Amino acid sequence: MEGNQSWIAEFILVGFQLSEDMELVLFGIFSLLYTFNLLANGMILGLICLDPRLHTPMYYFLFHLAIIDISYASSNLPNLLANLAKHKKGISFVLCTLQMIFNLIFSSMECLILVVMSYDRFVAICHPLQYTVIMNWRVCTFLAIACWACGFSLAIVQVSLFLRLPFCGPQKVNHFFCEIQSVLKVTCGDIWINEMFLFAEGVFVLVGPLSLMLVSYVHILWAILKIQSKEGRKKAFSTCSSHLCVVGFYFGIAMMVYLAPDSSHREEQKKILFLFYSLFNPLLNPLVYSVRNAQVKAAFHRVLQKKGTV
(Lines give C-alpha, C1' and ligand atoms only; values in the text may rest on other atoms or scores of the structure.)
Protein backbone atom coordinates (compact mmCIF):
# COMPACT_ATOMS: atom_id res chain seq x y z
CA MET A 1 0.00 0.00 0.00
CA GLU A 2 1.70 3.19 -1.07
CA GLY A 3 0.93 6.88 -0.86
CA ASN A 4 -1.63 8.67 1.23
CA GLN A 5 -5.27 7.78 1.32
CA SER A 6 -8.17 8.85 3.45
CA TRP A 7 -9.98 5.49 3.38
CA ILE A 8 -8.62 1.98 3.86
CA ALA A 9 -10.16 -1.48 3.73
CA GLU A 10 -8.74 -3.02 6.90
CA PHE A 11 -6.16 -2.90 9.68
CA ILE A 12 -3.79 -5.67 10.72
CA LEU A 13 -3.84 -6.24 14.49
CA VAL A 14 -0.32 -7.33 15.36
CA GLY A 15 -1.26 -8.49 18.87
CA PHE A 16 1.21 -10.98 20.33
CA GLN A 17 3.63 -13.06 18.24
CA LEU A 18 2.50 -16.61 19.06
CA SER A 19 2.52 -20.04 17.43
CA GLU A 20 -0.75 -21.47 16.09
CA ASP A 21 -0.85 -24.08 18.88
CA MET A 22 -0.49 -21.39 21.54
CA GLU A 23 -3.21 -19.32 19.87
CA LEU A 24 -5.60 -22.30 20.14
CA VAL A 25 -4.71 -22.75 23.82
CA LEU A 26 -5.38 -19.06 24.48
CA PHE A 27 -8.61 -19.30 22.48
CA GLY A 28 -9.84 -21.97 24.91
CA ILE A 29 -8.77 -20.04 28.03
CA PHE A 30 -10.15 -16.70 26.83
CA SER A 31 -13.42 -18.31 25.72
CA LEU A 32 -13.93 -19.74 29.22
CA LEU A 33 -13.17 -16.39 30.86
CA TYR A 34 -15.54 -14.57 28.49
CA THR A 35 -18.27 -17.14 29.20
CA PHE A 36 -17.77 -16.74 32.96
CA ASN A 37 -17.97 -12.97 32.51
CA LEU A 38 -21.33 -13.24 30.75
CA LEU A 39 -22.68 -15.70 33.32
CA ALA A 40 -21.44 -13.79 36.39
CA ASN A 41 -22.66 -10.38 35.24
CA GLY A 42 -25.86 -11.96 33.92
CA MET A 43 -26.41 -13.44 37.38
CA ILE A 44 -26.03 -9.98 38.95
CA LEU A 45 -28.51 -8.51 36.46
CA GLY A 46 -30.97 -11.35 37.09
CA LEU A 47 -30.77 -11.09 40.89
CA ILE A 48 -31.31 -7.33 40.87
CA CYS A 49 -34.34 -7.71 38.57
CA LEU A 50 -35.89 -10.64 40.47
CA ASP A 51 -35.34 -9.62 44.10
CA PRO A 52 -37.35 -6.55 45.25
CA ARG A 53 -34.98 -6.10 48.21
CA LEU A 54 -32.24 -5.16 45.76
CA HIS A 55 -34.32 -2.39 44.18
CA THR A 56 -32.25 0.30 45.87
CA PRO A 57 -29.97 3.04 44.44
CA MET A 58 -26.80 1.05 45.19
CA TYR A 59 -27.96 -1.95 43.18
CA TYR A 60 -29.51 0.24 40.51
CA PHE A 61 -26.01 1.55 39.75
CA LEU A 62 -24.53 -1.94 40.11
CA PHE A 63 -27.05 -3.02 37.45
CA HIS A 64 -25.61 -0.40 35.09
CA LEU A 65 -22.07 -1.46 35.98
CA ALA A 66 -22.87 -5.07 35.03
CA ILE A 67 -24.29 -3.94 31.66
CA ILE A 68 -21.13 -1.88 31.04
CA ASP A 69 -18.86 -4.83 31.90
CA ILE A 70 -20.71 -7.17 29.54
CA SER A 71 -20.70 -4.56 26.79
CA TYR A 72 -17.02 -3.65 27.18
CA ALA A 73 -15.87 -7.27 27.03
CA SER A 74 -18.22 -7.99 24.11
CA SER A 75 -16.75 -5.11 22.10
CA ASN A 76 -13.22 -6.59 22.34
CA LEU A 77 -13.17 -10.31 22.96
CA PRO A 78 -15.33 -11.83 20.16
CA ASN A 79 -13.05 -10.40 17.46
CA LEU A 80 -9.95 -11.47 19.42
CA LEU A 81 -11.35 -15.00 19.80
CA ALA A 82 -12.20 -15.19 16.09
CA ASN A 83 -8.67 -14.11 15.13
CA LEU A 84 -7.13 -16.67 17.51
CA ALA A 85 -9.30 -19.47 16.14
CA LYS A 86 -8.73 -18.60 12.46
CA HIS A 87 -5.09 -17.54 12.94
CA LYS A 88 -5.90 -14.22 11.27
CA LYS A 89 -5.20 -10.70 12.42
CA GLY A 90 -7.28 -8.53 10.08
CA ILE A 91 -10.18 -6.27 11.03
CA SER A 92 -12.18 -4.08 8.67
CA PHE A 93 -11.96 -0.30 8.93
CA VAL A 94 -15.66 -0.01 9.81
CA LEU A 95 -15.48 -2.72 12.50
CA CYS A 96 -12.30 -1.15 13.88
CA THR A 97 -14.01 2.25 14.12
CA LEU A 98 -17.03 0.72 15.88
CA GLN A 99 -14.72 -1.09 18.27
CA MET A 100 -13.02 2.20 19.14
CA ILE A 101 -16.39 3.89 19.72
CA PHE A 102 -17.66 1.14 22.04
CA ASN A 103 -14.38 0.94 23.95
CA LEU A 104 -14.32 4.68 24.54
CA ILE A 105 -17.99 4.73 25.55
CA PHE A 106 -17.86 1.89 28.05
CA SER A 107 -14.44 2.67 29.55
CA SER A 108 -15.52 6.29 30.20
CA MET A 109 -18.88 5.19 31.56
CA GLU A 110 -17.31 2.76 34.01
CA CYS A 111 -15.28 5.60 35.57
CA LEU A 112 -18.36 7.77 35.88
CA ILE A 113 -20.61 5.03 37.28
CA LEU A 114 -17.96 4.20 39.89
CA VAL A 115 -17.83 7.81 41.08
CA VAL A 116 -21.64 7.89 41.25
CA MET A 117 -21.56 4.68 43.33
CA SER A 118 -19.05 6.27 45.71
CA TYR A 119 -21.37 9.29 46.05
CA ASP A 120 -24.23 6.92 46.88
CA ARG A 121 -22.11 5.32 49.66
CA PHE A 122 -21.12 8.77 50.90
CA VAL A 123 -24.74 9.83 51.28
CA ALA A 124 -25.78 6.48 52.80
CA ILE A 125 -23.08 6.56 55.50
CA CYS A 126 -22.56 10.27 56.14
CA HIS A 127 -26.21 11.37 55.78
CA PRO A 128 -28.29 8.25 56.56
CA LEU A 129 -31.40 10.14 57.68
CA GLN A 130 -31.58 12.12 54.42
CA TYR A 131 -30.53 9.20 52.19
CA THR A 132 -33.96 8.40 50.72
CA VAL A 133 -34.60 12.09 50.07
CA ILE A 134 -31.23 12.83 48.45
CA MET A 135 -30.93 9.57 46.47
CA ASN A 136 -34.51 9.42 45.22
CA TRP A 137 -35.27 7.63 41.96
CA ARG A 138 -35.43 10.85 40.00
CA VAL A 139 -31.86 11.72 41.04
CA CYS A 140 -30.63 8.16 40.40
CA THR A 141 -32.15 8.14 36.91
CA PHE A 142 -30.61 11.54 36.12
CA LEU A 143 -27.15 10.38 37.29
CA ALA A 144 -27.34 7.19 35.21
CA ILE A 145 -28.48 9.07 32.08
CA ALA A 146 -25.71 11.65 32.62
CA CYS A 147 -23.09 8.86 32.74
CA TRP A 148 -24.37 7.33 29.48
CA ALA A 149 -24.60 10.74 27.78
CA CYS A 150 -21.04 11.70 28.79
CA GLY A 151 -19.70 8.34 27.61
CA PHE A 152 -21.35 8.66 24.19
CA SER A 153 -20.37 12.33 23.79
CA LEU A 154 -16.70 11.78 24.63
CA ALA A 155 -16.49 8.79 22.26
CA ILE A 156 -18.12 10.66 19.36
CA VAL A 157 -15.68 13.57 19.74
CA GLN A 158 -12.66 11.27 19.78
CA VAL A 159 -13.75 9.18 16.79
CA SER A 160 -14.77 12.29 14.80
CA LEU A 161 -11.25 13.67 15.25
CA PHE A 162 -9.82 10.29 14.23
CA LEU A 163 -11.87 10.02 11.03
CA ARG A 164 -10.48 13.30 9.66
CA LEU A 165 -6.94 11.83 9.54
CA PRO A 166 -5.33 10.37 6.36
CA PHE A 167 -3.62 6.97 6.26
CA CYS A 168 -0.51 5.72 4.48
CA GLY A 169 1.83 2.73 4.49
CA PRO A 170 1.07 -0.68 6.05
CA GLN A 171 -1.84 -0.43 8.47
CA LYS A 172 -0.31 -2.59 11.21
CA VAL A 173 -1.75 -1.73 14.63
CA ASN A 174 0.47 -2.86 17.49
CA HIS A 175 -2.40 -4.15 19.61
CA PHE A 176 -4.86 -7.03 19.80
CA PHE A 177 -7.86 -4.72 19.28
CA CYS A 178 -8.50 -1.21 17.94
CA GLU A 179 -7.33 0.84 20.90
CA ILE A 180 -7.36 4.49 19.81
CA GLN A 181 -3.81 5.37 20.88
CA SER A 182 -2.39 2.44 18.89
CA VAL A 183 -4.51 3.17 15.80
CA LEU A 184 -3.49 6.85 15.80
CA LYS A 185 0.15 5.77 15.36
CA VAL A 186 -0.54 4.36 11.87
CA THR A 187 -2.06 7.61 10.58
CA CYS A 188 -0.11 10.14 8.51
CA GLY A 189 -1.68 13.37 9.72
CA ASP A 190 -0.90 15.61 12.66
CA ILE A 191 -2.39 13.94 15.74
CA TRP A 192 -1.56 16.53 18.40
CA ILE A 193 -5.23 17.57 18.65
CA ASN A 194 -6.25 13.93 19.12
CA GLU A 195 -3.61 13.43 21.81
CA MET A 196 -4.62 16.64 23.54
CA PHE A 197 -8.27 15.58 23.67
CA LEU A 198 -7.29 12.09 24.84
CA PHE A 199 -5.26 13.57 27.69
CA ALA A 200 -8.10 15.97 28.57
CA GLU A 201 -10.57 13.08 28.57
CA GLY A 202 -8.19 11.08 30.78
CA VAL A 203 -8.12 13.93 33.29
CA PHE A 204 -11.92 14.32 33.11
CA VAL A 205 -12.84 10.64 33.54
CA LEU A 206 -9.87 9.43 35.61
CA VAL A 207 -8.21 12.16 37.68
CA GLY A 208 -11.44 14.08 38.37
CA PRO A 209 -13.55 11.11 39.51
CA LEU A 210 -10.67 9.57 41.46
CA SER A 211 -10.14 12.86 43.34
CA LEU A 212 -13.86 13.06 44.15
CA MET A 213 -13.86 9.45 45.36
CA LEU A 214 -10.84 10.01 47.59
CA VAL A 215 -12.53 13.02 49.18
CA SER A 216 -15.80 11.11 49.66
CA TYR A 217 -14.03 8.12 51.21
CA VAL A 218 -12.12 10.33 53.66
CA HIS A 219 -15.52 11.57 54.88
CA ILE A 220 -16.91 8.01 54.81
CA LEU A 221 -14.00 6.66 56.89
CA TRP A 222 -14.42 9.46 59.40
CA ALA A 223 -18.17 8.76 59.64
CA ILE A 224 -17.59 4.99 60.05
CA LEU A 225 -15.15 5.56 62.91
CA LYS A 226 -17.88 7.55 64.69
CA ILE A 227 -20.37 4.66 64.52
CA GLN A 228 -20.84 3.28 68.03
CA SER A 229 -22.11 -0.15 67.03
CA LYS A 230 -19.41 -2.71 66.17
CA GLU A 231 -21.85 -4.47 63.84
CA GLY A 232 -22.68 -1.17 62.13
CA ARG A 233 -18.99 -0.40 61.54
CA LYS A 234 -18.42 -3.89 60.15
CA LYS A 235 -21.35 -3.61 57.73
CA ALA A 236 -20.26 -0.17 56.52
CA PHE A 237 -16.65 -1.29 56.03
CA SER A 238 -17.82 -4.39 54.13
CA THR A 239 -19.95 -2.39 51.70
CA CYS A 240 -17.26 0.23 51.07
CA SER A 241 -14.37 -2.23 50.79
CA SER A 242 -16.14 -3.98 47.88
CA HIS A 243 -16.36 -0.70 46.00
CA LEU A 244 -12.76 0.24 46.86
CA CYS A 245 -11.46 -3.08 45.47
CA VAL A 246 -13.13 -2.37 42.12
CA VAL A 247 -12.04 1.28 42.07
CA GLY A 248 -8.41 0.47 42.88
CA PHE A 249 -8.14 -2.19 40.19
CA TYR A 250 -9.88 -0.20 37.47
CA PHE A 251 -8.32 3.22 38.03
CA GLY A 252 -4.87 1.77 38.65
CA ILE A 253 -4.75 0.09 35.23
CA ALA A 254 -6.47 2.96 33.41
CA MET A 255 -4.05 5.60 34.75
CA MET A 256 -1.02 3.45 33.86
CA VAL A 257 -2.33 3.10 30.31
CA TYR A 258 -3.58 6.60 29.52
CA LEU A 259 -1.66 9.02 31.75
CA ALA A 260 1.83 7.47 31.92
CA PRO A 261 4.50 8.68 29.40
CA ASP A 262 4.52 6.70 26.15
CA SER A 263 7.51 4.63 24.96
CA SER A 264 8.22 1.61 22.73
CA HIS A 265 8.95 -0.55 25.78
CA ARG A 266 5.63 0.43 27.37
CA GLU A 267 3.64 -0.63 24.29
CA GLU A 268 4.04 -4.31 25.16
CA GLN A 269 3.20 -3.61 28.80
CA LYS A 270 0.08 -1.71 27.75
CA LYS A 271 -1.10 -4.62 25.61
CA ILE A 272 -0.77 -6.97 28.59
CA LEU A 273 -2.59 -4.50 30.85
CA PHE A 274 -5.41 -4.10 28.32
CA LEU A 275 -5.70 -7.87 27.95
CA PHE A 276 -5.75 -8.30 31.72
CA TYR A 277 -8.39 -5.58 32.06
CA SER A 278 -10.59 -6.93 29.23
CA LEU A 279 -10.55 -10.46 30.67
CA PHE A 280 -10.51 -10.00 34.44
CA ASN A 281 -12.09 -6.64 35.29
CA PRO A 282 -15.57 -7.68 34.03
CA LEU A 283 -15.22 -10.80 36.21
CA LEU A 284 -13.95 -8.89 39.23
CA ASN A 285 -17.05 -6.74 39.71
CA PRO A 286 -19.62 -9.56 40.08
CA LEU A 287 -17.22 -11.62 42.21
CA VAL A 288 -16.49 -8.72 44.58
CA TYR A 289 -20.12 -7.63 44.83
CA SER A 290 -21.40 -11.19 45.36
CA VAL A 291 -18.72 -12.89 47.49
CA ARG A 292 -18.22 -9.84 49.74
CA ASN A 293 -21.86 -8.70 49.79
CA ALA A 294 -24.29 -10.34 52.21
CA GLN A 295 -27.38 -8.87 50.51
CA VAL A 296 -26.45 -10.32 47.11
CA LYS A 297 -25.70 -13.73 48.65
CA ALA A 298 -29.02 -13.65 50.52
CA ALA A 299 -30.84 -12.69 47.30
CA PHE A 300 -29.18 -15.61 45.50
CA HIS A 301 -30.37 -18.05 48.20
CA ARG A 302 -33.90 -16.62 48.07
CA VAL A 303 -34.05 -17.08 44.28
CA LEU A 304 -32.84 -20.69 44.64
CA GLN A 305 -35.44 -21.36 47.33
CA LYS A 306 -38.21 -19.97 45.13
CA LYS A 307 -37.13 -22.19 42.26
CA GLY A 308 -36.94 -25.16 44.60
CA THR A 309 -40.53 -24.67 45.76
CA VAL A 310 -41.91 -24.34 42.21
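## Getting started

Helices here are DSSP runs of H or I with at least four residues, and they are numbered from the N terminus. Met213 sits in one of them, helix α7.

A quick word on the model: it is predicted, so local features need pLDDT of at least 70 and side-chain atom pairs count only at pLDDT 80 or more, while totals for chains, interfaces and linings use all residues. Residues are numbered from 1 along each chain as its sequence is written, and side-chain values use heavy atoms, with hydrogens and water left out.

Helix α7 covers residues 192-226, which is 35 residues. From first C-alpha to last it reaches 50 Å, close to the expected 51 Å (the expected span is 1.5 Å times one less than the number of residues). Look for a kink of about 30° centred on Val203; the bend at a residue is the angle between axes fitted to the seven residues ending there and the seven starting there.

Back to Met213. This residue is buried, with a relative accessible area of 3% (buried means under 20%, exposed over 50%, partly exposed in between, using a 1.4 Å probe and protein chains only). Leaving out residues up to four places away in sequence, Met213 touches Leu114, Val115, Ser118, His243, Val247 and Phe251, where contact means heavy atoms within 4.5 Å.

Phe122 lies in helix α3. Beyond its neighbours within four places, Phe122 contacts His127, Ser216, His219 and Ile220.

## Where α3 meets α5

Two packed helices are described by the angle between their axes and the distance between the axes. For α3 (residues 93-126) and α5 (residues 137-163), the axes come within 8 Å and cross at roughly 145°. Axes are lines fitted to C-alpha atoms, for helices over the stretch in contact, and angles run from 0 to 180 degrees between N-to-C directions.

Which residues meet? Those in α3 include Phe93, Met100 and Leu104, and those in α5 include Trp148, Phe152 and Phe162. The contact divides into 20 nonpolar, four polar and no charged residues. Nonpolar covers Ala, Val, Leu, Ile, Met, Phe, Trp, Tyr, Cys and Pro; charged covers Asp, Glu, Lys and Arg; the others, Gly among them, are polar.

## Asn79 in α2

Asn79 belongs to helix α2 (residues 57-86). Buried or exposed? Asn79 is buried, with a relative accessible area of 14%. Its contacts include Leu13 and Gln99.

Definitions and conventions. Helix = DSSP H or I, 4+ residues; strand = E, 2+ residues; numbered from the N terminus.
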